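Student: I would like to learn how to read the packing of side chains in a model. Could we go through it feature by feature?

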Amino acid sequence: MLGVARSEYYAWQRRAQQPWERTQDNARLLVELQARHQRHRHCYGSPGMTADLRAADWPVNRKRIARLIQRSGIRARAVIGDL
């Protein structure tokens with residue numbers, strides 16, 4: 001009717017849904033990051049958080065974690081020397 005192939009329509013529909021799903025995943029991940037940040041006494045940055053999440057079977061990338069941490073304002077506490 002519109003001159004668009006069925007496969008193109010479904011491909012467009014799939015692409016249109018992905019950003020919303022990614023936004024929801026980021027919101028769930030951010031809640032988890034905030035909880036883990038408090039649990040680890042504000043000492044973990046993106047490398048430590050990524051390792052912690054991967055150990056708990058979350059499929060995450062360090063750059064994504066760093067971006068979410070930066071946007072949310074989570075800051076790791078600096079630890080100087082062995083206390």
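Student: How many aromatic pairs does a search of the whole structure find?

Tutor: A pair of aromatic rings is described by the distance of the centres and the angle of the planes. In this predicted model, the search of the whole structure finds two such pairs. Tyr-9 and Tyr-10 form an edge-to-face pair, with 5.2 Å centre to centre and 65° between the planes, whereas Tyr-9 and Trp-12 form a tilted pair, with 6.0 Å centre to centre and 35° between the planes. Tyr-9 and Trp-12 are three residues apart in helix H1, and therefore about one helical turn separates them. The ring pairs link Tyr-9, Tyr-10 and Trp-12 into a cluster.

Student: Which residues make up the largest nonpolar core?

Tutor: In soluble globular proteins, nonpolar side chains tend to be buried together. Here the largest nonpolar core has nine residues, namely Leu-29, Leu-33, Met-49, Leu-53, Val-60, Ile-65, Leu-68, Ile-69 and Ile-74. Helix H1 (6-39), H2 and helix H3 (62-72) each give two or more residues to this core, and the largest share, three residues, comes from H3.

Student: Which residues of helix H2 are buried, and where do they lie around the axis?

Tutor: In helix H2 (residues 46-55), Ser-46, Met-49, Thr-50, Asp-52 and Leu-53 are buried. They are on the same side of H2 because they cover an arc of only 165° around the axis. On the other side of H2, Pro-47 and Ala-55 are exposed. Leaving aside neighbours within four places in sequence, Met-49 is in contact with Leu-33, Arg-36, His-37, Tyr-44, Ile-65 and Ile-69.

How values were computed: Residues numbered from 1 in each chain as written. Predicted model: local features only at pLDDT ≥ 70, side-chain atom pairs only at ≥ 80, totals over all residues. Heavy atoms only, no water. Buried < 20%, exposed > 50% of the residue type's maximum accessible area, 1.4 Å probe, protein only. Helix = DSSP H or I, 4+ residues; strand = E, 2+ residues; numbered from the N terminus. Arc of directions from axis to C-beta. Core = buried A, V, L, I, M, F, W, Y, C linked by side-chain atoms within 4.5 Å. Contact = heavy atoms within 4.5 Å. Phe/Tyr/Trp six-rings, centres within 6.5 Å; stacked < 30°, edge-to-face > 60°.
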